[in-house]
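Good morning, and thank you for joining this group meeting. Please look first at the sequence and the structure, and then we shall go through them together.

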Amino acid sequence: MLTSKIKTPMQYPVSHTHYPTVFQAVGNTPLFPLDRIAEAEGISPKVRLLAKAEWFNPGGSVKDRPARQIIMDALGQGQLEGKRLLDSTSGNMGIAYATLCAALGIRVTLAVPANASPERLKVLRVLGAEIILTDPLEGSDGAILVAREIAASEPDVYFYANQYNNASNWKAHYLTTAPEILEQTGGQITHFVAGLGTSGTLTGAGRYFNEFAPGIRLAGVQPDSPLHGLEGLKHMESAIKPGIYDPLLADIDLPVRTEDAYEMTRRLGREEGLFAGISSGAALVGALDLARGLDHGVIVAIFPDAGYKYLSDPLWEDVE
Ligand code: PMP
C-alpha cells in the first residue's frame, strides 16, 4: 500500500529534486586516480587510470541510478500507484529499490537467487523488502523467469520494473553517469570501461558519449566463461540477453577471468585503499589490459560497489 505522501501521476515532477532527500543523494560520486597500481603495472605515465566510486551512492552501489530513474518514470506514468514494485536482482538493484521505495512508502518484492550472499539478503530484509528465493543453480536468469511469472499472474498487484528491459535503466546513465564523468575529467576522458550486467551502465553512458563527445572508446567487461564468480556481471553469449543490451555499442570487449578479478580486488584494498567489490576488480583488470596498449589517454572505469557485501565470499577466505 502507498502512503498518503504519494501523489497522483500528473503531480509527479520529472526532477529528482522534488523527491525525498535520499533520491537527491544519488549520483555525483567521486573519481579516484589509481596511480599506484598503474605504476606497478608499468602503465605509461601519460595514461591516467580513474575509478568512479559508485559505492558513494546512498544504497551503496551504481544501481541507485537506474532504480531512481525506473521509480520516477513509473510514478510519472502512473504505473506504480497502488502496486508493489517487483523485479529480479542479484542484490544491488534490490537494495537500491528497497532504499528508495522505503522513502516513498512503496512496498518491494524481489526474486533473488538463493545463493546471493547472506549479507545482501540481510540488508534487503532490513530495508523491508519481500524476498522470493530462486534456484541457485539457475543464477540471475532463474530469478528473471520467476519474476516474469509472478508479474504475468498478478498484473494488478505488481508493477514489474524489469530492469533488463526497461529503458529507464540506461537512461539513468545517459542523464547522470556520463555527464558527470565528462565534467569531472574536464572532457579529457578517452576510454570508458564498464562491466556488463543488465548493460545499463555501458549502454546509457556510451550513448551519451557517442552523442556529445564522439571519439571516446567504449569498453565492455565480461566474464571470460559462462561459469564465473563475477557477481553482478553476465557472460552475454550464454545468458538471457537483456533487451536493453546493444551488442554493437562497445568498441572493445574485455573478457576477464574470475581469479584475476579476485586478485585485483585484493590489490585495490592493499595498494589503493579502496575496499571495492569483485566487479570493480574485474573492471580494473579490463582497464589495465586496455591501458597496456596505450601510450597516452584517460581511462575511466566504473567501480559498481564496495566490498562489504562480499565478506563471506571465497575471495576473502584466506584473510585472517
Ligand atoms: N557490478 C555489480 C556489483 C552489479 O551489481 C552490477 C549490476 N548488475 C553491475 C556490475 C553491472 O551494471 P549494469 O547492470 O549497469 O550493466
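Let me begin with a term: a polar contact is a pair of N or O atoms within 3.5 Å. A polar side-chain atom of Thr-201 is 2.5 Å from an oxygen atom of the ligand. In the side chain of Ser-279, an N or O atom lies 2.6 Å from a ligand nitrogen atom. Gly-232 takes part through its backbone, where an N or O atom is 3.2 Å from a nitrogen atom of the ligand. How much of the ligand does the protein bury? Taken alone, the ligand exposes 390 Å², and the protein buries 96% of that.

Let us turn to the surrounding residues. There are 16 residues around the ligand, and those that come nearest are Gly-197, Thr-198, Ser-199, Thr-201 and Ser-279. By class, this shell has 9 polar, 4 nonpolar and 3 charged residues.

Next, the aromatic rings. The protein has 9 aromatic pairs. For Trp-170 and Tyr-174, the ring centres are 6.1 Å apart and the planes stand at 80°, so this pair is edge-to-face. Both belong to helix 7, residues 167-184, and because they are 4 residues apart there, about one helical turn separates them.

Finally, a word on confidence. The mean pLDDT of the protein is 93, and 95% of its residues reach 70 or more. Over residues 1-11, however, pLDDT stays under 50. Where pLDDT is low, the predicted coordinates should not be read in detail.

Note on methods:
Residues numbered from 1 in each chain as written. Heavy atoms only, no water. pLDDT = per-residue confidence, 0-100. Contact = heavy atoms within 4.5 Å. Near = heavy atom within 4 Å. Polar contact = N/O pair within 3.5 Å; in protein donor to acceptor, adjacent residues only side chain to side chain. Areas by Shrake-Rupley, 256 points an atom, 1.4 Å probe, with all protein chains shown as cover. Nonpolar A, V, L, I, M, F, W, Y, C, P; charged D, E, K, R; others polar. Phe/Tyr/Trp six-rings, centres within 6.5 Å; stacked < 30°, edge-to-face > 60°. Helix = DSSP H or I, 4+ residues; strand = E, 2+ residues; numbered from the N terminus.
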